[in-house]
Amino acid sequence: MTAPQAPGGAVPAGGQGGPEADTAILRAVGITKRFGAVAALRGIDMHLNRGEVLGLVGDNGTGKSTFVKVLCGFHRPDSGQLYLDGKQVNFHSVQDARAHGIEAVYQDLALVPQLPVYQNMFLNREETRLGRLGFLSNRKMRKLAKDYLSNIKVDIPDIDAEVEMLSGGQRQAIAVARATRQNAKILLLDEPLAAMGARESALIIDLVRDLSQRGVSMIVIDHNYTHLFELCDRLNIIQRGRVVFDKLVSTTSVEELTELMVSEYKRQLLAGHSDLESA
Amino acid sequence: MDQAAVSTPEGRSPKAPVLPLDRAGRESAPLSLLKTAIQRREVTVVVVTVGVVLYFAFRTGAFYSVANIIVIAQYTAPIVVIGAGEVLLLVLAEIDLSAGQTYLTAPWFAYWFWSAGIPVGIAILIALALSLLIGFVNGFFTVRLGVPSLIVTLGTLYTLFGLVLVKSNYQQVDMPGGTGTAGKIFGIGAWSTILWALLIMAIIWVLLKKTRFGVHTTAAGGNLLGAAEAGIPVGRVKIWCFMIIALVSGYAGILDAVRIGSMNPGNTGLDIVLAPIVAAVIGGTALTGGRGTVLGTVIGAFFLGVLEDGFNIIGVNAQWFYFAEGVVILVAMAINVQLSRATARMKR
């Protein structure tokens, strides 16, 4: 009942101002991405304000993860622009986005089961000595990893344990810790709490809040509305590869979100997914 | 002195309340030793190899002679080199069946350039460069064109084999070597090939275990997508590994051709590459990627060397070697699978 036709009504406030007078730290304009016959993103317009925590909601397969992977440089968009601090950027690689201060926690965590915890935390950022030869400083990595984990109160009994031996929650904590350790300006968290128990979730929520207070801007994907309302300042709903809803957490409610998601689900049932196929 | 000697037993007994230390100290020591033994795959193959060595040593005195040990070392050297390279690929969950053919073909390259009037040293360098190119082609087809490495390297194997047959007119040739210092270092000296092999094996071990490149190799083999998401250039890492195995195989081939002094175009690389893969597998390297032991492979190579040589000496028909090798593969794999299950249980 509460405005199911939200798409038109909730255009981002600074949307028309253009990249010049941009208050957003990150802005995406008309991002599209297709994989063969599947159009994953069909023109995403989104902005992230400085110091803000933005929640992305949407059913599975609506393009949330793909969008995050565009923002962190893993995928290149087919069309559309990204603006960072008002300046247009093209990320050619994950490395590239990192150099711009963007860090991601992927849904699949991107951990290597056969490597120890500390090497996973330094994956592709290994501390090395003897310059370009790339000999690992395992002792240094071990210590830094241990210190950071105990700093953020993540309890991993053995820093040398292979990730394969850890629980889902522990793995997730390591993936989150790896990203938060980097002093990123922008953090992208794709379902950071999915495999976590209550205690671990509380820990990560605290960590996210703490980072947010220190001015880190964040995009969080989560299916749990309680988490989202707890963490976020603003929420976007992505449906069929577009942002269809954009409201401050203070001006919406779990009921409104649920309503919207259910009506979309019904619409899809009626349409028999036809518009998804024909994209 | 006296006081110390007296005080020690005295000091010990009050310090060590008998029960706790016995329980904590004495029981756990052998237990943890057993754990390490089971968790470290290399230990199994070491024990088996030592057993086989003792068996042959008791059966025949000839086994012990320096001459025979040199025979084993020379047989084992190329298996060590190609096997160590193969570990890189098995860690990546890839395989290189062409390495044995690269081993056979590189000396032909060197020979052709040498007979065209190019100085031997440069001819060898060109042959090594061409080996790298073979590796690059393998890597390119696998990574960029998405053809499974098993098929790609089988293709390279036959291509190279055919090339040698055609270019050589099926004529055996003599390889230049000489009796100079250079010749002794590069192949002719009795211990030359095995020393080179151990050096190359050590370099690959360091590369895999101690460098950034090694971590990236393990990452690409253990979680390809995840490694890519972490920004690791997984394609490039794979191509480099194909180039490394081709380079070391080519080098080992040149050394062996110089040592033997002649080359027969009829040899096929498939026979040669299977032993190193077997060595890697019985040494404890899985085919599933993400894990591999260079050390185990070396010991596996020596095991095969000892087995072949021992059968020869005690006069068992050579055909039985293949029979035994087959049985060994089956038994070793069965043990490895059981051990990895036990290890997983222990760690939990």
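Biologist: In this predicted model, how many residue pairs are in polar contact between domain 1 of chain A and domain 2 of chain A?

Modeller: The count between these two domains is 3 residue pairs in polar contact, with both residues of each pair at pLDDT 80 or more. On the side of domain 1 of chain A that touches domain 2 of chain A, α3 (94-99) and α7 (198-213) of chain A each supply at least two residues, and α7(A) provides the largest share with 6 residues. The residues of that side divide into 9 nonpolar, 1 polar and 4 charged, while the count of salt bridges between the two domains is 0.

Biologist: How much area do domain 1 of chain A and domain 2 of chain A bury between them?

Modeller: The size of an interface is often given as the accessible area lost when the parts come together. Here the two domains of chain A bury about 1100 Å² between them, with 59% of it on carbon and sulfur atoms. Arg98(A), Leu203(A) and Leu207(A) supply 37% of the area that domain 1 buries against domain 2, more than any other three residues.

Biologist: What is the corresponding area between chain B and chain A?

Modeller: About 2000 Å² is buried between chain B and chain A, and carbon and sulfur atoms give 57% of that area; in terms of contacts, 24 residues of chain B meet 25 residues of chain A.

Biologist: How many salt bridges does the rule find across the interface of chain B and chain A?

Modeller: The rule finds 4 salt bridges across that interface, and Glu162(A) forms a salt bridge with Arg291(B), where the closest N and O atoms are 2.8 Å apart.

Conventions
Residues numbered from 1 in each chain as written. Chains lettered and ligands numbered in written order. Predicted model: local features only at pLDDT ≥ 70, side-chain atom pairs only at ≥ 80, totals over all residues. Heavy atoms only, no water. Contact = heavy atoms within 4.5 Å. Buried area = accessible area lost by both parts, 1.4 Å probe. Salt bridge = Lys/Arg side-chain N within 4 Å of Asp/Glu carboxyl O. Polar contact = N/O pair within 3.5 Å; in protein donor to acceptor, adjacent residues only side chain to side chain. Helix = DSSP H or I, 4+ residues; strand = E, 2+ residues; numbered from the N terminus. Nonpolar A, V, L, I, M, F, W, Y, C, P; charged D, E, K, R; others polar.
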